[in-house]
Amino acid sequence: MTPVSLRSICAVLLFALTAEGATYYVSNSGSDSNDGLSPGAPWATLGKVSAASLQVSDQVLFQKGGTWSGSFTPSASSVTYGTYGTVSAKAIIQNTHIYVYGANNIFDGLTLAGAAWFDCWGNNNTFQNCLFDNVLPSEDGVWTIRDGVSGTTVRFCTVALSINSGGAIFNFMGGGNCPGTKWYGCIMRLGNLEQIAVGVSTLNTAGTDYNCYLAPYGGEPYFNYGHMGYYAGYGWTDQGMDANSILADPLWVNPAGSDYTLQSSSPCKDTSGGVPVTPSPDIAGNTRPQGSAADMGCYEYGSGGGSPPVITSS
């Protein structure tokens, strides 16, 4: 047997600990002087999260039932930002311009409200199970994606733009060459201009499908690409996008009361069988899927109990 040095053993153990990553907790009842490494000693603010020296495979979990605002600039890479605590509550980030400078991150189960939106500067970031509650972002998109940023994935999110918003769901800035951007399994209520996306110069959104779009005034969602306009039901699908998507009222239970769960007769139930990845559980901890296929949006109809998140990045 070949002898193994103590140094080699320590190196293997150190790699294993590093690969697993640390979990940090954030709560309105916490303190930024805490180490954040347990629910009993959580951090308190978005500023503390932004300033932290996060490492690959770390997790930052916001306590459900809490609300945060202020500067938020996730600059680390390969970090998961999620939630913990009471299943039925929400972890809300409101009136916050979120600058996502890092790459390969996952944002899972967060709720954005008011003038809040993601500004994507890093590559290959994934947003899943997120809820946008009557948002009115100050820029022209819930996701602002900077020129040259690639691989942004949005899946199983529920987006309710304020009908007073003149913006789009996606705003491609500075040239609009953002290869690999895709969204699937989502429900999206558009603003008063009924725009899905604006500013795209290069159409690289293969994989965009199985979505539900709701235009607040009964019109047809609009997609601006290369100074040309396409409607979801005419021209847009001719580009190979949204072949299995629907234009319909998702039949939320009570959107005016911030309840975006699905009614039993919702056309969004059991409709996302062809997506590449189905993250489980949903935003409320329900196992996905409950029926023959996953439902569109961040809420799966029915209840199957919570289970640990399945984090993937396809």
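**Close-up 1. Arginine 146 and aspartate 119 are both buried.** Buried means under 20% relative accessible area, exposed means over 50%, and partly exposed lies in between (1.4 Å probe, protein chains only). The model is predicted: local features need pLDDT of at least 70, side-chain atom pairs count only at pLDDT 80 or more, and totals for chains, interfaces and linings use all residues. Residues are numbered from 1 along each chain as its sequence is written, and side-chain values use heavy atoms, with hydrogens and water left out. Arginine 146 has a relative accessible area of 16%. Arginine 146 and aspartate 119 form a salt bridge, with the closest N and O atoms 2.8 Å apart. A salt bridge here is a side-chain nitrogen of Lys or Arg within 4 Å of a carboxyl oxygen of Asp or Glu. Arginine 146 belongs to strand β12 (residues 141-146) and aspartate 119 to strand β9 (residues 117-120), so the pair ties together parts that are 27 residues apart in sequence. Helices (H or I, at least four residues) and strands (E, at least two) are DSSP runs, numbered from the N terminus. Side chains of opposite charge can pair when their charged atoms come close.

**Close-up 2. Glutamate 300 and arginine 288 meet through their side chains in a salt bridge.** The N to O distance is 3.8 Å. Both residues lie in the segment after β24 (259-262), so the pair ties together parts that are 12 residues apart in sequence. Glutamate 300 and arginine 288 are both buried. The structure holds two salt bridges.

Close-up 3. Proline 281 lies in the segment after β24. Proline 289 is placed in the segment after β24 too. Most residues other than glycine have a negative phi, and most peptide bonds are trans.

**Close-up 4. An open sheet of seven strands pairs in the parallel sense.** The strand order is β1-β2-β4-β7-β10-β13-β16. At the edges are β1 (23-26) and β16 (182-184), each pairing on one side only. Neighbouring strands are turned by 15° against each other on average, direction ignored. Axes are lines fitted to C-alpha atoms, for helices over the stretch in contact, and angles run from 0 to 180 degrees between N-to-C directions. Two strands pair if DSSP finds at least two bridges between them. Within this view, five bridges join β2 (residues 59-63) to β4 (residues 80-84). Glutamine 59 stands opposite threonine 80 in β4.

**Close-up 5. Strand β18 (residues 195-200) is largely enclosed by the rest of the structure.** Five of its six residues are buried. β15 and β18 pair in the parallel sense over two bridges. Phenylalanine 170 stands opposite alanine 197 in β18.

**Close-up 6. Asparagine 28 sits in the loop between β1 and α2 (46-51).** Asparagine 28 is partly exposed, at 46% relative accessible area. Its side chain reaches the backbone nitrogen of threonine 67 at 2.9 Å. This is a polar contact: a pair of N or O atoms within 3.5 Å; within protein, one must be able to donate a hydrogen and the other to accept it, and residues adjacent in sequence count only if both atoms are side-chain atoms. Asparagine 28 touches Gly66, Thr67 and Trp68, leaving out residues up to four places away in sequence. Contact means heavy atoms within 4.5 Å. Asparagine 28 and glycine 66 are 38 residues apart in sequence, yet 5.8 Å apart in space, C-alpha to C-alpha.

**Close-up 7. Serine 162 lies in the loop between β14 (158-161) and β15 (168-173).** Serine 162 is buried, with a relative accessible area of 7%. Setting aside neighbours within four places in sequence, serine 162 is in contact with Asn134, Val135, Leu136, Arg189 and Gly191.

**Close-up 8. Asparagine 129 and tyrosine 210 have a positive phi although neither is a glycine.** For asparagine 129, phi is about 60°. Asparagine 129 lies in the loop between β10 (126-128) and β11 (131-135). At 1% relative accessibility, asparagine 129 is buried. For tyrosine 210, phi is about 55°. Tyrosine 210 lies in the loop between β18 and β19 (212-214). Tyrosine 210 is buried, at 16% relative accessible area.
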